[in-house]
Amino acid sequence: MHIDLSGRTALVSGSTQGIGLAIAERLADCGAHVVVNGRDPGRTDAAARDLRSRVPAAEVTPVAADLATAAGATELAQRFPALDVVVNNLGIFGARPALEIDDAEWLRYFEVNVLSAVRLIRTYLPGMMARRWGRVISIASDSAVVVPEEMIHYGMTKTALLSVTRGFAKAARGSGVTVNSVIAGPTHTAGVESFVAELVGDELPWDEAQREFMRTHRPLSLIERLIEPAEIANLVAYLASDAASATTGGALRVDGGYVDSILP
Ligand SMILES: NC(=O)c1ccc[n+]([C@@H]2O[C@H](COP(=O)([O-])OP(=O)(O)OC[C@H]3O[C@@H](n4cnc5c(N)ncnc54)[C@H](OP(=O)(O)O)[C@@H]3O)[C@@H](O)[C@H]2O)c1
């Protein structure tokens with residue numbers, strides 16, 4: 001399928017590395033003007049350079065802003081009053097025993113992982129609806145459905161994103177704007193190789209090591225390997241395109257079959 005996003009401007013929040021950077025690359029490759037984002041100007045500039053080296057025709061604008069804050073969202077809106085595609089990718093995660101997560105940590109996770117997306121949707125959805133075209137895509141996780149005991153605060157935020165998505169899709173009813181979430185499964189991002197080595201040892205070649213890791217520590221996966229960020233980016237690019245015009249309010253999975261369910 002040829003995906004043409006030329007003429008569209010797309011923000012990918014939290015795109016200096018990992019899944020966000022892969023999504024930014026894929027959208028740029030499809031011809032979109034991509035706004036790459038992170039908190040540090042050095043890192044956003046480096047991400048923009050990296051994208052231009054891999055997609056020579058890429059139109060990329062780095063914006064350093066902490067999008068987990070209202071001030072950061074306002075800063076972005078001043079630079080880009082209108083966007084065609086908003087990808088809420090930014091998210092934090094970390095393990096903590098359930099009974100040790102205090103109020104401040106619950107609120108921090110909600111603010112960074114959920115409120116950041118809600119603010120951007122509130123900022124950009126009205127313009128998209130007025131122009132009768134727009135795409136909002138939020139990156140959720142298998143943890144939204146299979147809530148990990150060691151990070152229920154993270155799971156809560158990803159479940160909330162599914163709900164936020166469904167609700168705003170209703171708010172955009174009949175406007176030509178679609179609002180969806182993507183349930184990403186365990187993904188090969190920075191740091192994961194050392195995490196895998198910690199758990200299965202460092203004697204095995206990477207491919208075997210990750211398969212061993214998945215079989216032993218992520219046995220729900222049906223592909224028995226980590227997902228590559230580009231595989232998540234492929235679904236995001238499709239959802240951002242004209243071709244996905246009848247898909248809205250959904251939670252679409254790139255989870256390697258991790259969630260043991262026919263739906264969502
Ligand atoms: N990795 C997985 O296996 C996995 C699985 C399922 C879902 N997900 C979800 O996929 C998304 C991306 O995950 P990832 O593993 O690629 O993340 P990551 O490697 O930790 O990267 C996070 C990105 O977000 C940026 N960021 C963090 N806080 C920010 C803030 N307040 N404002 C702006 N940017 C901020 C970071 O940039 P700077 O540090 O430069 O600011 C970085 O570019 C997350 O929503 C995560 O929950 C990940």
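Guide: On a 1 Å grid over the protein atoms alone, a cavity is a set of points where a 1.4 Å probe fits but cannot get out. This is a predicted model, in which local features need pLDDT of at least 70, side-chain atom pairs count only at pLDDT 80 or more, and totals for chains, interfaces and linings use all residues. Residues are numbered from 1 along each chain as its sequence is written, and side-chain values use heavy atoms, leaving out hydrogens and water.

Visitor: How much space lies in the largest cavity?

Guide: Searching the whole structure for cavities of 30 Å³ or more turns up 1. Volume here is the space filled by probe spheres set on grid points, joined across faces, edges and corners. For the largest cavity, that comes to about 40 Å³.

Visitor: Which element gives the largest share of that cavity's lining?

Guide: Lining residues have an atom within 4 Å of a point, and here they include Ser 13, Asn 88 and Leu 120. Helices are DSSP runs of H or I, at least four residues long, numbered from the N terminus. With 3 residues, the largest share comes from helix α4.

Visitor: Where do the buried residues of α6 sit on the helix?

Guide: Helix α6 spans residues 192-200, and Val 192, Val 196 and Val 200 are buried there (under 20% relative accessible area, 1.4 Å probe, protein chains only). Looking down the axis, the buried residues fall within an arc of 50°, taken from the directions from the helix axis to the C-beta atoms. They therefore line one face of the helix.

Visitor: What phi does Gly 201 take?

Guide: Val 200 is one of the buried residues of α6. Just after this helix comes Gly 201, whose phi is positive, at about 90°.

Terms used. Buried < 20%, exposed > 50% of the residue type's maximum accessible area, 1.4 Å probe, protein only. Helix = DSSP H or I, 4+ residues; strand = E, 2+ residues; numbered from the N terminus. 1 Å grid on protein atoms, 1.4 Å probe; cavity = no way out; pocket = protein on both sides within 12 Å on 5 of 7 lines; lining within 4 Å.
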